Amino acid sequence: MELAANIIKTQFKGVPTVTGGNATPTKDPCPFNRCDGSGLISFKKNGLDFMEHCECLEVKNKIRKIGELFDRAGIPKKYAAKTLDQYSPRNELQHRALEIARRYVEKYQEIKETEKNGLYFVGPTGTGKTHLAYAIVNALIERYQIPAVVSVVPDLLDLLRPKRENNEAENRLELAKSNELLLLDDFGSERESSWVTERMFVIVNARCERQLPTIITSNVPLDLLEKDVHGRTVLAWERITSKIRDMCYQILMDGEDFRRLSAR
Ligand SMILES: [Zn+2]
């Protein structure tokens, strides 16, 4: 598994690469060349047989856990290997966005305990907001082994649409409401129907009440999200944006585009 190989490279610099994402203590070779891969080292002392644990056990368990967390998170393949270092900012706002993203990863354990512990990345396509958001999630899983879940909002809505008895939909909704870290990708692109609005409120409200860190990407700034095409405030969306303002710092990725958008 390519991903696991990357993790090993970044997490355990200088340690020879173990193959396979689900390294088990019994099958994989010892990255330290100390045991036979079993995680146990046998030795003789004063004519007696002894066993001790090899340090590779801990490393392999950590790699396995990270692999499982990545599998569970549902990160689209396109973004599975994105890192903050790969992001090239092209203007001042994007430099600032990258700095915030780095600080967020660095201080996550402190930030998650605070009331406003999420990020709302907003910008048109091509500004790299999605890259930054996924890179944060990847980094948090790798660094702190936290459970994360990614939901591409239009896909999630598609799944939740009332069609039939659907356990997967229920599970996904429950995860979106209660998982420690959630990335809502492409938020607010659909907001016409009251059904969509209600679903979005349910998720945002649940996370707000539980103070769970939420990272959101959107093409729509918060002050436009709550307006209809005539510029009138839509109360149902105002309830949602008000929760998001309590939960998330809004990060603009492109000032020019928003000046144009707001002037329309
Ligand atoms: Zn070993």
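Let's start with P213. It counts as buried, because it has 25 C-beta neighbours inside 10 Å. The cut-offs: 20 or more other C-beta atoms within 10 Å is buried, 12 or fewer is exposed, in between is partly exposed, with C-beta atoms placed from the backbone.

A word on the source. This is a predicted model, where local features need pLDDT of at least 70, side-chain atom pairs count only at pLDDT 80 or more, and totals for chains, interfaces and linings use all residues. Residues are numbered from 1 along each chain as its sequence is written.

Back to P213. It sits in the loop between α8 (194-210) and β6 (214-218). Those are DSSP runs numbered from the N terminus: helices are H or I, at least four residues, and strands are E, at least two. E180 is 33 residues away in sequence, yet 6.7 Å away in space, C-alpha to C-alpha. Outside four places in sequence, P213 contacts K112, N117, G118 and L181. Contact means backbone-placed C-beta atoms within 7 Å.

Now the core. The largest nonpolar core holds 51 residues, and Y120, F121, I136 and V137 have the most contacts inside it. Such a core is a set of buried Ala, Val, Leu, Ile, Met, Phe, Trp, Tyr and Cys residues joined through C-beta atoms within 7 Å. Helix α5 (residues 129-144) gives this core its largest share, 9 residues. Take I136: beyond four places in sequence, it contacts A101, Y104, V105 and I215.

Last, confidence. Mean pLDDT, the predictor's per-residue confidence from 0 to 100, is 87 for the protein, and 85% of residues reach 70 or more. Residues 1-25 fall below 50; this stretch still has 47 contacts in the model beyond near neighbours in sequence.

Note on methods
Two residues are in contact if their C-beta atoms, placed from the backbone, lie within 7 Å.
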